[in-house]
Amino acid sequence: LRFLVGGILLAPLAFRDIKKRKIHFVTSDWGYLAILGLVNICFSMILFQIGVNMSNAGLAAIVFSSNPVFVMIFSYFIIHEAFTRKKLITLVLSLIGLIIVANPVAIIESGNFGLCISATAAVGFALYTTLGKLRVEKLGGNVENSFSFLIGCAFLLVILIFHGDPIFSGINSKTIFPLLYCSFVVTGLGYLCFMQAIELSGPSNASF
């Protein structure tokens, strides 16, 4: 729901950019946007929410915030971004910090793999971040965000219906404001700024 609202919120900016940039979509563009939606919404964000629900929210957020480590790796192989000595040092330190925070021994002993799921979500988000760079110069961040959100929501809606999960249940006077905040501020404004940062400075710097 928050990505649906976020996608609708960004739609006017997306259509403005289509007109301004004189964007002509080809079939591969739609396939590209569909992949972004699937990776981000149907894979990364779902796993992150599961990870948060299964473990301490603060630790899950820290683990998820390790996604720049994986962005550096994906960026090297997918968009051939330079892998410098500074990035290598950052990668090693980040992995050490991730191991300390996640504490693999405690995870195995407790059998709670929530943090592992959060780490998998971070890998998915890193892939989304890196792939977002491939056509951001042609499509722009607003188009990539809005259209990939709406396409990803369509895929997720099918999954929810097929699985028999509720779609609108649980929305009441107490939950509507957190939902609106996540929709407008986190998804709408947050992704808008994030994709702009990717366009200006590259996926590795933006993700950090």
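1. Start with the largest pocket, which has a volume of about 1,200 Å³. A pocket here is an open set of points on a 1 Å grid over the protein atoms alone, where a 1.4 Å probe fits, with protein on both sides within 12 Å along at least five of seven lines; lining residues have an atom within 4 Å of a point. The volume is the space filled by probe spheres set on the points, which are joined across faces, edges and corners.

2. Keep in mind that this is a predicted model: local features need pLDDT of at least 70, side-chain atom pairs count only at pLDDT 80 or more, and totals for chains, interfaces and linings use all residues. Numbering runs from 1 along each chain as its sequence is written, and side-chain values use heavy atoms, with hydrogens and water left out.

3. What sits closest to the pocket's centre? Of the 36 lining residues, it's Leu1, Arg2, Phe3, Ile46 and Gln49. Helix H2 (27–54) is one of the elements giving two or more residues to the lining, and its share, 8 residues, is the largest. (Helices are DSSP runs of H or I, at least four residues, numbered from the N terminus.)

4. Now the largest nonpolar core: buried (under 20% relative accessible area, 1.4 Å probe, protein chains only) Ala, Val, Leu, Ile, Met, Phe, Trp, Tyr and Cys residues joined through side-chain atoms within 4.5 Å. Among its 36 residues, Phe3 and Phe64 are two of those touching the most other members. H2 again gives the largest share, 9 residues.

Definitions and conventions. Buried < 20%, exposed > 50% of the residue type's maximum accessible area, 1.4 Å probe, protein only.
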